[in-house]
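Please look over the sequence and the structure below before reading the briefing that follows.

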Amino acid sequence: SSGINAECLLRPGKKKKNLLSDREMQEMWDGDIENEVLKIMSSASISTSNVRPFDASSDHSMEQQRVLCKHNIQDLLKSGSFDEAVALYKAAQEVWPSSPSFGMPDMAIIDEVNVVNSIFLSKEEIPEMISADT
């Protein structure tokens, strides 16, 4: 895998609307996503070396990049890219260690899975200045 880099994550195209209902999102989570995330979190081989959830040279603020990172995790989970989603989550935890959005680095695995669940089900809007077409 070539990894995820902030450059591609911070250039969203058209703003995507979440077309799935809360119930559909919960069913997706309960279906495969929760088990896959738990399996990956339980393995000791999560590499964040190629993952950069934050770009210091970006014009976007830390807060904007944090919100966008949560959306990217959500999109990766929806598309079935579970390894990449967990790696991005773990990298974000390192960048924003005090943010409740990503939990604490030394949390129990089940608590981390619950944080990823809350990210997946989140409806936090991407700030307009990020999501506008450039």
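In which helix does Ile110 lie? Ile110 belongs to helix H5 (residues 109–121), where helices are DSSP runs of H or I with at least four residues, numbered from the N terminus. This is a predicted model, in which local features need pLDDT of at least 70 and side-chain atom pairs count only at pLDDT 80 or more, while totals for chains, interfaces and linings use all residues. Residues are numbered from 1 along each chain as its sequence is written, and side-chain values use heavy atoms, with hydrogens and water left out.

**Accessibility of Ile110**
- Ile110 has 47% relative accessibility and therefore counts as partly exposed, a class that lies between buried (under 20% relative accessible area) and exposed (over 50%), with a 1.4 Å probe and protein chains only.

**Aromatic pairs**
- A search of the whole structure finds three aromatic pairs, meaning rings of Phe, Tyr and Trp (its six-membered ring) with centres within 6.5 Å, whose planes count as stacked under 30 degrees apart, edge-to-face over 60 and tilted for the rest.
- The rings of Trp29 and Phe120 form a tilted pair, because their centres are 6.0 Å apart and their planes stand at 35 degrees.
- This pair links distant parts of the chain, with Trp29 in helix H2 (residues 22–42) and Phe120 in helix H5, 91 residues apart, and both residues are buried.
- Phe54, Trp96 and Phe102 are linked into a cluster by ring pairs.

**Surroundings of Gln93**
- Gln93, which lies in helix H4 (residues 82–95), is buried, with a relative accessible area of 2%.
- Leaving aside residues up to four places away in sequence, Gln93 touches Phe102, Gly103, Met104, Pro105 and Glu112, contact being heavy atoms within 4.5 Å.

Conventions: Helix = DSSP H or I, 4+ residues; strand = E, 2+ residues; numbered from the N terminus.
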